[in-house]
Amino acid sequence: MDFERFFEDKLDELKQAGNYRYFADLERRAGHFPRALHHGETGSRDVTVWCSNDYLGQGQNPLVLAAMEDALQECGAGAGGTRNISGTTHHHVLLERELADWHGKEAALLFTSGYISNWATLGTLAAKLPDCLVLSDANNHASMIEGIRHSRAEYKIFKHNDPADLERLLAEADPARPKLVAFESVYSMDGDIAPIAQICDVAERYGAMTYLDEVHAVGMYGPRGAGIAEREGLSHRLTVIEGTLGKAVGVVGGYIAASAKLVDFIRSFSSGFIFTTAIPPAIAAGAAESIRYLKKHSNERDGQKEQVAYLRQKLDRAGIPHMENESHIVPVMIGNAEKCRRLGDWLLERHGIYVQPINYPTVPKGTERLRFTPSPCHSHADIDALVDALADLWGQCALAHVAKAA
């Protein structure tokens, strides 16, 4: 077999369908977010980033940077290996305490990413619980799906954000069988929010465990920024809360928060934890400082909400269609992979605006979009420039307007 030809043909198929992923060479600069330096074929220039998951700009918070610098000098660059052998440092312990307190749980456990925390925890729980049945929301993230599949447990998919369909599936199951309901709070592509209370009601009626992915909510919602479950006073009803340190917290890593026994169970049986090098102490120190800050300050969350509302208002006035939701994610709908790519390219080339097109398989074909994530670091002037650029290019891509708001 000509392997190289096979690879080339498959990549060509992606390009012809408009689904090939191009990476922009960006250089983030502390203190200047959302500005970044774009290194292109014709040189380098400043651009405004509109699709970062560093939702609150915590990646440049001076307190976070100082905590990381101090830990780097104190502990060195790496963790030294897996935590089971040589990787546990006091900074890991302190961060896990902060996370447990954040979510009102007995304990927490760190992983190298949010993807791994989902994959490892769901995979371990579903595999080890005897004859476990997993109920998974239809729009769950790939990391959750991969973890469930890896467990080889039976799973059923309930309609997105539909407690009635979940109840239908649970009612069909053996009452004595272990059951695990897995879902997200904020869904990252549409920005919609799960009916957590109703899902918990159904799960509790049938004795099922609940697993809530809060990766796009932690830092963003609730009086201390612990997520949608905290905002709605529901954290105590969730068996497991999973989150990330790589979005609103501003660094990298993932975690779960749950009862002490469940956390110890995952720590003891999950290969995704046991055999993986721990995050560096400096990362743990920075994340802990970021969380301490977010627990006490709401200025960034308030500023972010203001900018989201202003962007939606400007889009409405320009007649540019965007998906309505109650979250911080603003999807501008294109509905065509090639036009989505072209619009993203033109925004970057002509206006110095960087936003990553979202195409299949991340979203279904025909729902391609540009996904904007306004932050408190963006200004009204930035938003005005963005909407003016979109309006200028919209007709050139032969895209339809919606009725303009008054």
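Tutor: Let's start at Pro 361, which sits in the loop between strands β13 (357-358) and β14 (369-372). Helices (H or I, at least four residues) and strands (E, at least two) are DSSP runs, numbered from the N terminus. Residues are numbered from 1 along each chain as its sequence is written, and side-chain values use heavy atoms, with hydrogens and water left out. Please keep in mind that this is a predicted model: local features need pLDDT of at least 70, side-chain atom pairs count only at pLDDT 80 or more, and totals for chains, interfaces and linings use all residues.

What kind of peptide bond leads from Tyr 360 to Pro 361? It is cis, with omega near 10 degrees. That deserves a second glance because most peptide bonds are trans. Another cis bond joins Phe 33 and Pro 34, with omega about 15 degrees. Pro 34 belongs to the loop between β1 and β2.

Tyr 360 also takes us to another part of the chain. Asn 19, in the loop between α1 (3-17) and β1 (26-28), is in contact (heavy atoms within 4.5 Å) with Tyr 360, and also with Leu 14, Ala 337 and Asn 359, leaving aside neighbours within four places in sequence. Is Asn 19 buried or exposed? Its relative accessible area is 9%, so it is buried; buried means under 20%, exposed over 50%, and partly exposed in between, with a 1.4 Å probe and protein chains only.

Next, let's visit the second largest pocket. A pocket is found on a 1 Å grid over the protein atoms alone: it is an open set of points with protein on both sides within 12 Å along at least five of seven lines, while a cavity is a set of points where a 1.4 Å probe fits but cannot get out, and lining residues have an atom within 4 Å of a point. Grid points are joined across faces, edges and corners, and a volume is the space filled by probe spheres set on the points. The second largest pocket has a volume of about 570 Å³. Its lining has 26 residues, with Ala 24, His 38, Asp 345, Leu 348 and Glu 349 nearest the centre. Two or more lining residues come from each of β2 (35-40), β3 (43-49) and α14 (337-351), and α14 gives the largest share, 6 residues. Sorted by class, the lining holds 8 nonpolar, 10 polar and 8 charged residues. Here Ala, Val, Leu, Ile, Met, Phe, Trp, Tyr, Cys and Pro count as nonpolar, Asp, Glu, Lys and Arg as charged, and the others, Gly among them, as polar.

What about enclosed space? The count comes to 1 cavity of 30 Å³ or more, and the largest cavity has a volume of about 100 Å³. Among the residues lining this cavity are Arg 83, His 92, Phe 111 and Phe 273. Both β4 (107-111) and α11 (271-274) supply at least two of the lining residues. The lining of this cavity splits into 6 nonpolar, 5 polar and 1 charged.

Lys 105 is buried, with a relative accessible area of 15%. Its contacts beyond four places in sequence include Ala 100, Ser 235, His 236 and Ala 258.

Finally, back to backbone angles. Most residues other than glycine have a negative phi. Arg 152 has a positive phi, near 65 degrees, and so does Asn 161, near 55 degrees. Arg 152 lies in the loop between α6 (142-151) and β6 (154-158), while Asn 161 lies in the loop between β6 and α7 (163-172). How do their surroundings compare? Arg 152 counts as exposed because its relative accessibility is 81%, whereas Asn 161 is buried at 17%.
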